Amino acid sequence: MYFLRRLLFLVPLTLLIATMAFFLVRVAPGGPFDRERRPASPAVERALAAKYHLDESLASQYLRFLGLKWERRPDGTWGRVPGGLLAGDLGLSLKYRDHSVADIIRQGLPVSLTLGGMAFLFSMGIGIPMGFFTAVRRGTAGDWLGSALALVFLCIPGFVVGPVLILLFALQAGWFPVGLWGTPMHAVLPMVALGLYFGGRIARLTREGMTQALQSEFVRTARAKGASEFRVLLHHAFPIGVMPVVSYSGPMLADLLTGSFVVENIFQIPGIGVFMVNSSLSRDYTMVVGLVLLYAVLLLVLNLLVDVAYSLLDPRVRYE
Amino acid sequence: MGWARDLGIRFFVLCLGLCLAGALTGCRPDRRADLVIHNGAEPETIDPQVLTGQADGRVGSALFEGLTRYDPANGRAIPGLASSWDVSPDGRRYTFHLRTNAAFSTGEPITSDDVVWSWRRAVNPLTAADYSGFFYYVKGGEALATGASTNLASLGVRAIDPHTVEVDLVNPTPFFPDLCGMRVMSVVPRRTIEQFGDQWVRATPLPCSGPYELVYWRPNDRIRMRRNPHYWDAPHVACEVVDVLSGDSPSAALNLFLTGDVDVLIDKVVIPSELNDVLKERPDFHRYDYLGTYFFRFNVTRKPFDDPRVRRAINLVVDRKRLVERITRLGERPATALTPPGTGGYTPPPGLGFEALQATNEAAYAAALRTNVAEAQRLMAEAGFPGGKGFPPFTYMFNAGGGGGARMHENIGVELQSMLREHLGLQVELRPVEWKTYMSEMSLLNFDTIRGSWVGDYQDPTTFLDCFLSGNGNNRTGWKNARYDGLLASAAAESDPARRTELLREAETLLVRDEVPIVPLFNYKGLYAYDPTRWEGIHPNLTDEHPFWAIRRRGAAPSPRASEP
């Protein structure tokens, strides 16, 4: 029931977000067709605006965007203008005028999803063992080293890690391509560049969680029962200790899956991360709204999934 | 509850597994193209008549051709779909003879009707072609493009027979063949456009009139093209498959070039400007002059910039040599005029500060600058601002982050700021704004002074000088001068080339010496990269035209020279 309600709640929330994006992007100065060269004549400028309905009132544009606009057809009858958000149509990109927003997302999203998914696995793969190890060996030189390393991962931004990786492993060693997309080899360096930061965060979260779990009553009870140290750590402490990571993994996945502007730029990867930033700079109204929606839906759904995972992992959590 | 926890862990593992599965799909290796060109920005559109950007244009002219095309060596017009043309004695009527073997990539022949239809489409305001201004030279073009007339048949272009097109011009236009090679004048496929409307370039198959046809287009990744088998000059299209990459990061482009994933970096924008000093010394990086001028605009509708003495004074204290030597560093030529030298054989008049740049050594240059500064201070005093007293603080606006990694625009702003403070006692505040704001503030005349630049479209001074006609959309200074407009109008109607040049020089003198609504700073240098031991067919030229059909691997095939009619 609880999850059903949450799911239903997503619909108005998404609509609200789309509406805000629609109006906010139009507040910024300039428009999609402000270019270095002025068109030949005001007639051309007007025609361009009319083509994309930017000459209409905001209210009319909004209705058209939702797909709730009725118009008189050439034959005199009234009818709904086809397309619109409610019909699942995000419209044409105003900057890349030969493509629809859906086209561009369809093209770039699988790439960003792949890269993001790999980076997610990578960061989990390094973060959880690091956090686990440092929590179990708390206060030792190993803990100090591991924690310091996690901090380093956290502090070095992708636009430094990326070029350094390229320099070392692509340009000098020649093991990996310097950029583009196509084979699994192309994904390795961007995956590391993207995942290292999150790896650092996850290591710290795991360490926190595990440390707390190891000090809790049920672990003491398990030990008292005579459970083996291995069983105590993995079976009793770990599922609870990893909780912070689970709750963090929702927003983190949403971040990773929608592409990273920095990493996609450095490795010239044809994902959608670049569009995330450039569409608002170029006032590509339709694209901005489309991408905001995509990000919002991903974030909401993943958060919901995290809550599901929560209730399954932690016996103390229940949703009514 | 143990089962629930197990289930939870399994669920978690399942999620991870799904991610991995995602990672293994979606990888699509491609066969490497014969020629890989890094083109910079992702094309906004490849409709040749609608496109505006330079990157778009390179793709547009690979896919679509007009009556003429450009010589890769010097960028001037050579026969394209038309094999030859005749000019009437008064220079106002051109008769183009189309090739009998001209065809779209789908095999349909290209005839005079296609030319007429394409031109009418471009000039129609409903097509919303920004560049329809090039039809102003054709009779009836201006009335159509501005919407004053809607009778498309009134455009001065006629199909005499399937292979003869006659064009009536308003004025004798010596550079008209150059205009016929512009993208907006390309021949486009009527039937496809009528069927698909604005989205026609996404039709498959896409009938192309140029040397290449479209294979696929992945936004923000690459456009793959293949030699158009029906192109009239297909045997001389050197590379069979060409990939045009797009990407915003110059360092990524450079990396791809260094590892051989990219053969040609076709544009300066894909070369990291912070490495200019190092790269310009390499044998595979090539610099050349092109039709571009960097300048800044005054808003002459705002006090005190409405006073030409103030504008002249500010112009005089700018040390242009310092800007090109310390900031741009590609060997740019300091400029005092708007039109770069050599534009269609034209020599621009000396602008303000020209004499200083003639100095042959450092000492003479410094002395000349001091003379200029003294003159500038005199002008300021005359205008009522001795030593800058009473002069309101003002802003210099530029697009932030522009000009590449070296932040050229910002650094130039800093230099200008200090020159004006030091010599004239003026307080300049730098105002970096993002690109769209910059464009809209400039159009709305919402600035005091603002960075500007202009790149010429064809090899004639009017491609620069027309911008500053009263009411031209690209003027953006608020400057209006009836004498300037009159001189350009007389030049347009003049059929004697020497007299025409004289009139143009007189107009430009007014612009850059007397009235100075703009302060020219330098002429751009172009920069592209390819390994000359492996590739040939790319030549430096003023209009920056490097047609893909001419680029070939050394020793691969017979020389792809443009076949003469």
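The centres of domain 1 and domain 2 of chain B, taken over C-alpha atoms, are separated by 35 Å. Domain 1 of chain B spans 66-189 and domain 2 spans 292-525, with bounds that come from an automatic or database domain assignment. Eleven residues from domain 1 of chain B and nine residues from domain 2 of chain B make the contact, where two residues are in contact if their C-beta atoms, placed from the backbone, lie within 7 Å. On the side of domain 1 of chain B that touches domain 2 of chain B, five residues are nonpolar, three polar and three charged. In this classification Ala, Val, Leu, Ile, Met, Phe, Trp, Tyr, Cys and Pro count as nonpolar, Asp, Glu, Lys and Arg as charged, and the others, Gly among them, as polar.

The model is predicted: local features need pLDDT of at least 70 and side-chain atom pairs count only at pLDDT 80 or more, while totals for chains, interfaces and linings use all residues. Residues are numbered from 1 along each chain as its sequence is written, and chains are lettered from A and ligands numbered from 1 in the order in which they are written.

Chain A is likewise assigned a domain 1 (2-87) and a domain 2 (105-313). The C-alpha centres of these two domains of chain A lie 36 Å apart. Their contact takes 15 residues from domain 1 of chain A and 14 residues from domain 2 of chain A. The side of domain 1 of chain A that touches domain 2 of chain A consists of ten nonpolar, three polar and two charged residues.

Between the chains, 60 residues of chain B are in contact with 56 residues of chain A. At least two residues of the side of chain B that touches chain A are supplied by each of helix H1 (2-24), helix H7 (250-258) and helix H14 (435-443) of chain B; helices (H or I, at least four residues) and strands (E, at least two) are DSSP runs, numbered from the N terminus. H1(B) gives the largest share of this side, twelve residues. By class, the side of chain B that touches chain A has 26 nonpolar, 21 polar and 13 charged residues.

Eight of the nine residues of H7(B) are buried, so this helix is largely enclosed by the rest of the structure. A residue is buried if 20 or more other C-beta atoms lie within 10 Å of its own, exposed if 12 or fewer, and partly exposed in between, with C-beta atoms placed from the backbone. The buried residues of H7(B) include Pro250(B), Leu254(B) and Phe257(B). In chain A, the buried residues of H7(B) pack against helix H6 (158-172) and helix H11 (261-266). In chain B, their partners are strand E1 (35-38), strand E11 (264-265) and strand E17 (518-529).

The axes of helix H10 (residues 320-328) and helix H13 (residues 408-424) of chain B come within 10 Å and cross at roughly 140 degrees. Axes are lines fitted to C-alpha atoms, for helices over the stretch in contact, and angles run from 0 to 180 degrees between N-to-C directions. H10(B) and H13(B) are therefore oblique to each other; angles under 35 degrees count as roughly parallel, over 145 as roughly antiparallel, 65 to 115 as roughly perpendicular and the rest as oblique. The contact involves Arg322(B), Leu323(B), Ile327(B) and Thr328(B) of H10(B) and Met408(B), Asn411(B), Ile412(B) and Glu415(B) of H13(B).
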